[in-house]
Amino acid sequence: MPLYLNALSGKGVHLVTVNDYLASRDAEQMGVLFNFLGLSVGLNIPGMSQEEKQEAYAADITYGTNNEFGFDYLRDNMVIYKEEMVQRPLNFAIVDEVDSILIDEARTRSFIRGNAEKSTDLYVRANQFARLLKEKQDYTIDLKTKSVQLTEEGMTKAESFFKIDNLYDYANVLINHHVHQALKAHAIMHRDTDYVVQDGEIIIVDQFTGRLMQGRRYSEGLHQAIEAKEGLQIQSESKTLATITFQNYFRMYNKLAGMTGTAKTEEEEFQSIYIIWMLS
């Protein structure tokens, strides 16, 4: 009923589910009813063309996942011409499992990345240098912040190895960065604890659940530094072209609603972040 009521304005409403199967199933089953009532229904899933997405968003009611809605928003902000955008202004959304998406995953970011096209030679050289160093003598470790710091002796060795006068000179900022990432890869990132090697790739291990995070990569060149450490092929470094958190995305809707069986326990956080009225 809320979907039907808010769709009558013609501004479009979104039903946000947690996976593509539920989005497809609900769009098909409920679409029969909404079509009978004179409303159009669209389905927004990965792999659709620009034209298909525009058609889905043009419908009175659009089903999809939080990830796909978020990525479409990012892609829309990267187009050259307005006609290439797929989303309309964000009007009204109902979020399924609302406490999971808007609280538990609120700060999860959607990323669109592109290749930075940097040479891999410096990763290899920095890795060779890191292997020569000894803890306490050449560098110190802060386990609390997971950071490493070169000692005076370590700095001298770095300047000698890379044949430079001052490691901290602006002209050598790239070398300095690679050295510290290589040191971090060797001294702090441990195989089978922080990551595993699987089929020639570095797979991150979630520090909270212990699950393998397929497709995720460490940022700022750390992933490449670990690949160099393990003797794997160093993949191209990526740069973030666009990013947004679920919290910031969903707060842009004119009206926001949700449903879940466990919302009451998150009542105070919902009200402080999203200004949502909670109903028993």
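With which side chain does the side chain of Asp 99 make a polar contact? I looked it up: the partner is the side chain of Thr 260, at 3.0 Å. By polar contact I mean a pair of N or O atoms within 3.5 Å; within protein, one must be able to donate a hydrogen and the other to accept it, and residues adjacent in sequence count only if both atoms are side-chain atoms.

**Ground rules**

I am working with a predicted model, where local features need pLDDT of at least 70 and side-chain atom pairs count only at pLDDT 80 or more, while totals for chains, interfaces and linings use all residues. Residues are numbered from 1 along each chain as its sequence is written, and side-chain values use heavy atoms, with hydrogens and water left out.

**Entry: around Asp 99**

I find Asp 99 in helix H5, residues 98–104. Asp 99 is buried, at 9% relative accessible area. My cut-offs are under 20% for buried, over 50% for exposed, and partly exposed in between (1.4 Å probe, protein chains only). Leaving out residues up to four places away in sequence, Asp 99 touches Asp 104, Thr 260, Thr 262, Glu 266 and Phe 270. Touching, or contact, means heavy atoms within 4.5 Å.

**Entry: the five-stranded sheet**

Next I traced an open sheet of five strands, paired in parallel in the order S2-S3-S1-S4-S12. I count two strands as paired if DSSP finds at least two bridges between them. Strand S2 (41–44) and strand S12 (255–259) are at the edges with a single partner strand each, so one side of each has no neighbour in the sheet. On average, neighbouring strands of this sheet are turned by 20° against each other, direction ignored. For angles I use axes that are lines fitted to C-alpha atoms, for helices over the stretch in contact, and the values run from 0 to 180 degrees between N-to-C directions.

Val 13 stands opposite Ile 61 in S3. Helix H2 (residues 20–36) packs on this sheet, touching S1, S2 and S3, and its direction makes about 165° with that of S3. Helix H3 (residues 50–58) lies across S1, S2 and S3 too, running at about 135° to S2.

**Entry: nonpolar cores**

Which residues have the most contacts inside the largest nonpolar core? I noted Leu 150, Phe 162, Ile 175, Val 179, Leu 183, Met 189 and Ile 226, in a core of 26 residues. Such a core is a set of buried Ala, Val, Leu, Ile, Met, Phe, Trp, Tyr and Cys residues joined through side-chain atoms within 4.5 Å. Elements giving two or more residues to this core include helix H6 (121–130), strand S7 (147–150) and helix H8 (173–187). H8 gives the largest share, five residues. Beyond its neighbours within four places in sequence, Ile 175 is in contact with Leu 122, Phe 162, Ile 164 and Leu 167. A second, separate core has 22 residues, among them Val 16, Val 86, Phe 246 and Ala 263.

**Entry: salt bridges**

I searched the whole structure and got ten salt bridges. The rule is a side-chain nitrogen of Lys or Arg within 4 Å of a carboxyl oxygen of Asp or Glu. One that I looked up joins Lys 53 and Glu 68, with the closest N and O atoms 2.9 Å apart. Lys 53 is in helix H3 and Glu 68 in helix H4 (residues 66–76), so this pair links distant parts of the chain, 15 residues apart. Both Lys 53 and Glu 68 are buried.

Asp 138 and Lys 157 also meet through their side chains in a salt bridge, 3.0 Å from N to O. Asp 138 lies in the loop between H6 and strand S6 (139–142) and Lys 157 in helix H7, so the pair ties together parts that are 19 residues apart in sequence. Asp 138 is buried at 0% relative accessible area, whereas Lys 157 is partly exposed at 30%.

Technical notes:
Helices (H or I, at least four residues) and strands (E, at least two) are DSSP runs, numbered from the N terminus.
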